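Take each task on your own before you read its solution.

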Amino acid sequence: MSSSFLRLSSVNLHIDGIGKVLFERSDKAKRLSISVRPLKGVRVAVPPHISFEKAEQLIYTKADWIREHQSRMEEQEEKVTVYTHDSDFRTRHHTLRLLTHARYDMRCLVENGYINVFYPAFKDVCEADVQKFIRKSIEEAYRKEAKQYLPQRLAYFAEKFGFTYQNVFIKNAKSRWGSCSFNDNINLNLHLMRLPEDLCDYVILHELAHTVEKNHGPQFWALLDTVCPDSKNLDKKLKAFRISIF
């Protein structure tokens with residue numbers, strides 16, 4: 001590895017037996033951290049006290065572990081949706097429309113019932129960066145719909161069942177559909193817009209119940225059952241859904 005790489009914040013390298021690996025400087029990392037994720041590949045978070053050259057050497061000692069996880073990653077990637085001009089994709093209120101333009105960048109316009117994704121005419125729609133941008137554009141449509149729908153749905157159930165809360169925030173959380181703070185601020189995930197209506201309502205009622213009961217003890221479930229009689233069954237169904245867009 002060239003000494004010039006030491007001044008970079010990140011670098012992509014080809015590692016024999018593994019393929020492309022992204023080495024990325026991280027001030028928060030206390031040790032070398034390797035992640036293998038669908039659509040993102042292999043990433044190495046490198047703490048300030050370790051050089052990229054040393055990190056590259058250490059990667060070879062973890063090659064077997066990385067290859068094992070790459071196999072799992074590839075299995076997941078096979079399930080990933082590939083959006084093309086033949087795709088018939090709709091959110092609750094928007095239809096995906098893929099368009100080419102004579103520019104080198106990509107842009108998205110969510111309006112009039114469409115998710116208009118513009119990408120360079122010289123690119124193949126199946127290229128990884130185009131697919132990534134399409135998923136981001138779909139996410140923006142869900143965000144717009146979530147901001148219009150979720151706060152009023154929350155207010156409706158709060159009034160109906162006598163709950164009170166402080167503020168509502170729409171988040172793009174990676175691991176939670178919703179949460180309720182100690183001060184009764186409620187966070188709702190924009191990806192709730194991808195769920196069937198009964199599951200979306202269940203999450204909202206779940207968080208409203210937390211304004212009264214802060215844990216998941218028997219009293220919480222008893223309260224939730226009074227406003228959502230099928231709560232245990234809905235909770236099981238919810239576990240079948242991914243939060244991220246695939």
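**Exercise 1.** What percentage of the 246 residues in the protein is buried?

*Solution.* Keep in mind that this is a predicted model. Start with the cut-off: a residue is buried when its relative accessible area is under 20%. By that test, buried residues account for 43% of the 246 in the protein.

**Exercise 2.** Describe the overall build of the protein.

*Solution.* Begin with the secondary structure, which has six helices and 10 strands. Next, look at the extent: along the principal axes, the C-alpha atoms fill a box of roughly 65 × 45 × 30 Å. Then check the contacts with a separation of 6 or more: 47% of them join residues 24 or more positions apart.

**Exercise 3.** How far apart are the mean positions of the positive and negative charges?

*Solution.* First take the counts, 38 positive and 31 negative charges. Then compare their mean positions, which lie 4 Å apart.

**Exercise 4.** Which residues are the closest to the centre of the second largest pocket?

*Solution.* Find the pocket, with its volume of about 370 Å³. Of its 18 lining residues, Arg176, Gly178, His206, Glu207 and His216 are the closest to the centre. Now trace the lining to its elements: strand E9 (178–180), helix H4 (197–209) and helix H6 (231–238) each give at least two residues. Helix H4 provides the largest share, four residues.

How values were computed: Residues numbered from 1 in each chain as written. Predicted model: local features only at pLDDT ≥ 70, side-chain atom pairs only at ≥ 80, totals over all residues. Heavy atoms only, no water. Buried < 20%, exposed > 50% of the residue type's maximum accessible area, 1.4 Å probe, protein only. Contact = heavy atoms within 4.5 Å. Lys, Arg positive; Asp, Glu negative; His and termini not counted. Charge placed at Lys NZ, Arg CZ, Asp CG, Glu CD. 1 Å grid on protein atoms, 1.4 Å probe; cavity = no way out; pocket = protein on both sides within 12 Å on 5 of 7 lines; lining within 4 Å. Points joined across faces, edges and corners; volume = space filled by probe spheres on them.
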